[in-house]
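Here is a short briefing on one protein chain. Please keep the sequence and the 3D view open while reading.

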Amino acid sequence: LEIRKRKWGLRTYKTTFLACDLIQWLVNNNFALTAEEGVQIGRKFEDLELIEHCEKRTRIKNSRLLFVLTNKGKLIRREHAVPYFSMVFNTQSGVEIKDRTWHSKRFKSVFIGEEFVDWFVSNQIVPTREFAVRIGREFVESDLIEHVTQEHHFKDGFFFYTFTKRGIIRRMQSS
């Protein structure tokens with residue numbers, strides 16, 4: 001997804017992209033199966049105030065409309081983390097992170113893979129649990145989270161995950 005400075009009318013906007021490019025990127029990276037699903041995800045980004053039309057006139061659709069990253073969206077872009085990281089781990093409305101025990105072993109500040117997936121589906125950010133698992137896997141591959149014993153990739157189940165050092169820094173930047 002090309003995010004760059006562009007002119008629209010007499011104004012210049014710094015962090016812009018075309019709506020159709022975002023939707024195509026979502027489809028190409030398997031976050032959406034169709035362009036319509038891509039539009040729905042784009043609208044979730046709008047609702048979460050990550051993106052907006054450059055003149056705040058219209059909602060996203062699959063066209064050459066110019067959109068910008070909001071200040072919240074720019075923060076997420078800094079490390080090129082997947083756009084959901086700060087949303088899903090928001091302390092008020094995100095996935096519950098707490099100390100947990102498994103087979104008498106205590107793990108500090110962890111979350112459960114299944115609850116991560118539940119959050120994405122219940123907030124209607126993705127259409128299926130499989131899409132949420134893809135996002136979890138992207139977080140693992142981006143070195144933001146990891147399984148507590150590093151024995152598993154991301155799974156939709158009762159598996160504990162924690163933040164990597166990079167993930168902790170990312171989380172601190174987004175709070």
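In which strand does S109 lie? S109 lies in strand β6. The model is a predicted one. Its chain holds seven helices and eight strands. Of its 175 residues, 42% count as buried. Among contacts with a separation of 6 or more, 47% link residues 24 or more positions apart.

**The four-stranded sheet**
- Four strands form an open sheet in the order β5-β6-β8-β7, and the pairing is antiparallel.
- β5 (98-102) and β7 (145-147) are the edge strands, each pairing on one side only.
- From one strand to the next, the twist averages 55 degrees.
- β7 and β8 (residues 160-163) run antiparallel and are joined by three bridges.
- H147 has Y161 in β8 as its bridge partner.
- Helix α5 (residues 113-122) lies across β5, β6 (105-112) and β8.
- The angle between α5 and β6 is about 15 degrees.

**The largest nonpolar core**
- This core has 18 residues.
- F111, F116, F120, V126 and F154 touch the most other members.
- α5, α6 (129-141) and β8 each supply at least two of its residues.
- α6 gives the largest share, five residues.
- Leaving aside residues up to four places away in sequence, V126 touches F120, V121, F131, A132 and I135.

**Helix α1 and its cover**
- Helix α1 spans residues 19-28. Its buried residues are A19, C20, L22, I23 and L26.
- Viewed down the axis of α1, these buried residues fall within an arc of 160 degrees, so they line one face of the helix.
- As a general point, an α-helix has 3.6 residues a turn, so residues three or four places apart point the same way.
- The cover over the buried residues of α1 includes β2 (11-18), α2 (35-47), β3 (51-53) and β4 (66-69).

**Cysteines**
- The structure holds zero disulfides.
- C20 has a relative accessible area of 17%, so it counts as buried under the 20% cut-off.
- C54 is also buried, because its relative accessibility is 8% and the cut-off is 20%.

- S109 is not a glycine, yet its phi is positive, at about 50 degrees.
- S109 is partly exposed, with a relative accessible area of 38%.
- Q150 is not a glycine either, and its phi is positive, at about 60 degrees.
- Q150 sits in the loop between β7 and β8.
- Is Q150 buried or exposed? Q150 has a relative accessible area of 58%, which is over 50%, so it counts as exposed.

- Where is D143 placed? D143 is in the loop between α6 and β7.
- D143 is partly exposed, because its relative accessible area of 39% falls between the 20% and 50% cut-offs.
- D143 and T164 are 21 residues apart along the chain, and their C-alpha atoms are separated by 6.5 Å.

Note on methods: Residues are numbered from 1 along each chain as its sequence is written. This is a predicted model: local features need pLDDT of at least 70, side-chain atom pairs count only at pLDDT 80 or more; totals for chains, interfaces and linings use all residues. Side-chain values use heavy atoms; hydrogens and water are left out. Two strands pair if DSSP finds at least two bridges between them. Axes are lines fitted to C-alpha atoms, for helices over the stretch in contact, and angles run from 0 to 180 degrees between N-to-C directions. Contact means heavy atoms within 4.5 Å. A nonpolar core is a set of buried Ala, Val, Leu, Ile, Met, Phe, Trp, Tyr and Cys residues joined through side-chain atoms within 4.5 Å. Buried means under 20% relative accessible area, exposed over 50%, partly exposed in between (1.4 Å probe, protein chains only). A disulfide is a pair of cysteine sulfur atoms within 2.5 Å. The arc is that of the directions from the helix axis to the C-beta atoms.
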